[in-house]
Amino acid sequence: MSDSTSQSKFDEIFEAIRRDEQNASYTAQGIDPLYSAHAEARIVIVGQAPGRIAQDTHMVWNDRSGDRLRDWLGIDRETFYTSDKLAIMPMDFYFPGTGKSGDLPPRKGFADKWHPALLALMPHVELTVLVGNYATHAYLHLKSSAKLTDIVHNYQRYLPERLPLVHPSPRNQIWMKKNPWFGAEVLPELQKRVAHIMNE
């Protein structure tokens with residue numbers, strides 16, 4: 001598949017997402033789907049959904065959680081946003097709104113509808129980094145009762161294709177202090193694999 005043909009297919013999916021009735025209210029407000037996907041992607045980061053800051057600035061992970069995620073990955077901000085080796089696909093491409101205890105969850109069925117089509121155009125993906133509860137349970141096909149802490153602690157079970165993480169929200173600082181193995185074991189493994197793939 002030529003570069004122009006591949007880009008054309010990515011463009012077609014982007015327009016299809018914008019035209020989808022499920023996203024009509026966003027499109028009417030001039031809000032486009034927020035994600036990045038490239039034919040040469042080697043790593044895919046799957047998170048929850050864009051936050052309000054991300055939507056307003058048109059940049060995924062453009063907040064303190066994003067700063068921490070980039071630190072975990074060992075990737076600088078410029079590389080994170082410009083490298084074709086990195087794809088960023090939330091479980092929902094639109095900010096879902098705010099609830100009583102934070103952002104609302106990604107809409108059900110959204111990722112099932114659009115992720116496969118995009119992933120089919122990215123045949124070189126070696127590692128999918130699953131950030132947070134929604135992405136982890138969906139991509140690992142786990143029951144909702146499965147605890148994220150246990151899943152992340154057993155991260156080696158899902159390598160080399162998948163690597164689950166907790167969300168990098170500053171609110172998880174207490175969790176990290178209670179689970180020192182995350183910084184001692186999981187993050188070094190993540191950084192080693194990301195560095196190897198990005199430097200290929």
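So, Arg18 is partly exposed, at 24% relative accessible area; partly exposed sits between buried, under 20%, and exposed, over 50%, using a 1.4 Å probe and protein chains only. Quick background: this is a predicted model, where local features need pLDDT of at least 70, side-chain atom pairs count only at pLDDT 80 or more, and totals for chains, interfaces and linings use all residues. Residues are numbered from 1 along each chain as its sequence is written, and side-chain values use heavy atoms, with hydrogens and water left out.

What does Arg18 form a salt bridge with? Its partner is Asp32, with the closest N and O atoms 2.7 Å apart. By salt bridge I mean a side-chain nitrogen of Lys or Arg within 4 Å of a carboxyl oxygen of Asp or Glu. This pair links distant parts of the chain: Arg18 is in helix H1, and Asp32 is in the loop between helix H2 and strand S1, 14 residues apart. Helices here are DSSP runs of H or I with at least four residues, strands are runs of E with at least two, and both are numbered from the N terminus. Asp32 is partly exposed too, at 36%. Glu15 joins in as well, in a salt-bridge network with Arg18 and Asp32.

Now compare Arg70, which bridges to Asp67 at 2.9 Å. They're three residues apart in helix H4, so about one helical turn separates them. Arg70 is buried at 4%, while Asp67 is partly exposed at 43%.

Across the whole structure, the search finds nine salt bridges.
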